[in-house]
Amino acid sequence: MVRRKRKQNRMAKFSITCMVFLLIALMSTQIVKLYNKNQELSAKEQAYEEQKLEEEARQKELEEKEKNMQSQDYIEKEAHRYGLFYDDEIIYREEK
């Protein structure tokens, strides 16, 4: 009877040990997967931050261009491109 209880205790301990190792293995794989996903997301976040900085710089350029487009000099240059001049303006053209 004592022998049988010892065998059952050994089997119970062995089963519990196997379960613990199985849980450790499963948790380890999950940790590795989450670590890899975290690395990917960090790389994406960095790429998005760089893209955001580029877009902010582009926005500043466009705002400056918009300010420039409102100036009188810009309007006159564009009008000259299309052949529009002031009435009192003297135009010199090259001979061909």
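Biologist: What makes the meeting of the side chains of Arg-81 and Glu-78 a salt bridge?

Modeller: A salt bridge is a side-chain nitrogen of Lys or Arg within 4 Å of a carboxyl oxygen of Asp or Glu, and the N to O distance for Arg-81 and Glu-78 is 2.9 Å, so the pair qualifies. This is a predicted model, in which local features need pLDDT of at least 70 and side-chain atom pairs count only at pLDDT 80 or more, while totals for chains, interfaces and linings use all residues. Residues are numbered from 1 along each chain as its sequence is written, and side-chain values use heavy atoms, with hydrogens and water left out.

Biologist: Why are Arg-81 and Glu-78 separated by about one helical turn?

Modeller: They are so separated because they lie three residues apart in helix α2, residues 72-81; helices here are DSSP runs (H or I, at least four residues), strands are E runs of at least two, and the numbering starts from the N terminus.

Biologist: Why is Arg-81 called exposed, and what is Glu-78 called?

Modeller: Buried means under 20% relative accessible area, exposed over 50%, and partly exposed in between (1.4 Å probe, protein chains only). Arg-81 has 59% and therefore counts as exposed, whereas Glu-78, with 22%, is partly exposed.

Biologist: How many salt bridges does the structure hold, and what makes Glu-55 and Arg-58 one of them?

Modeller: The structure holds two, and in the pair of Glu-55 with Arg-58 the closest N and O atoms are 3.8 Å apart. Both residues lie in helix α1, three residues apart, which is about one turn of the helix; Glu-55, at 39% relative accessibility, is partly exposed, and Arg-58, at 48%, is partly exposed too.

Biologist: What makes Glu-61, Glu-63, Glu-64 and Glu-66 a patch?

Modeller: Patches are made of residues with over 30% relative accessible area and no salt bridge, like charges being joined within 9 Å and nonpolar side chains (Val, Leu, Ile, Met, Phe, Trp, Tyr) within 5 Å. The four glutamates gather on the surface as a patch of negative charge, and one of them, Glu-64, found in helix α1 (residues 2-69), is exposed because its relative accessible area is 55%.

Biologist: Which residues form the nonpolar patch?

Modeller: Ile-16, Val-20, Phe-21 and Ile-24 form it on the surface, with about 400 Å² of accessible area together. Val-20 lies in helix α1 and is partly exposed because its relative accessible area is 41%.

Biologist: How does the radius of gyration of the chain stand against that of a compact globule?

Modeller: The radius is taken over C-alpha atoms, and the globule rule is 2.2 Å times the number of residues to the power 0.38. A compact globule of 96 residues would have a value near 12 Å, but the chain has 39 Å, and its C-alpha atoms fill a box of roughly 125 × 30 × 15 Å along the principal axes. The chain has two helices and zero strands, and 0% of its 96 residues count as buried.

Definitions and conventions:
Accessible areas come from the Shrake-Rupley method with a 1.4 Å probe; for residues, only the protein chains shown count as cover. Lys and Arg count as positive and Asp and Glu as negative; His and the chain ends are not counted. The place of a charge is taken as NZ of Lys, CZ of Arg, CG of Asp or CD of Glu.
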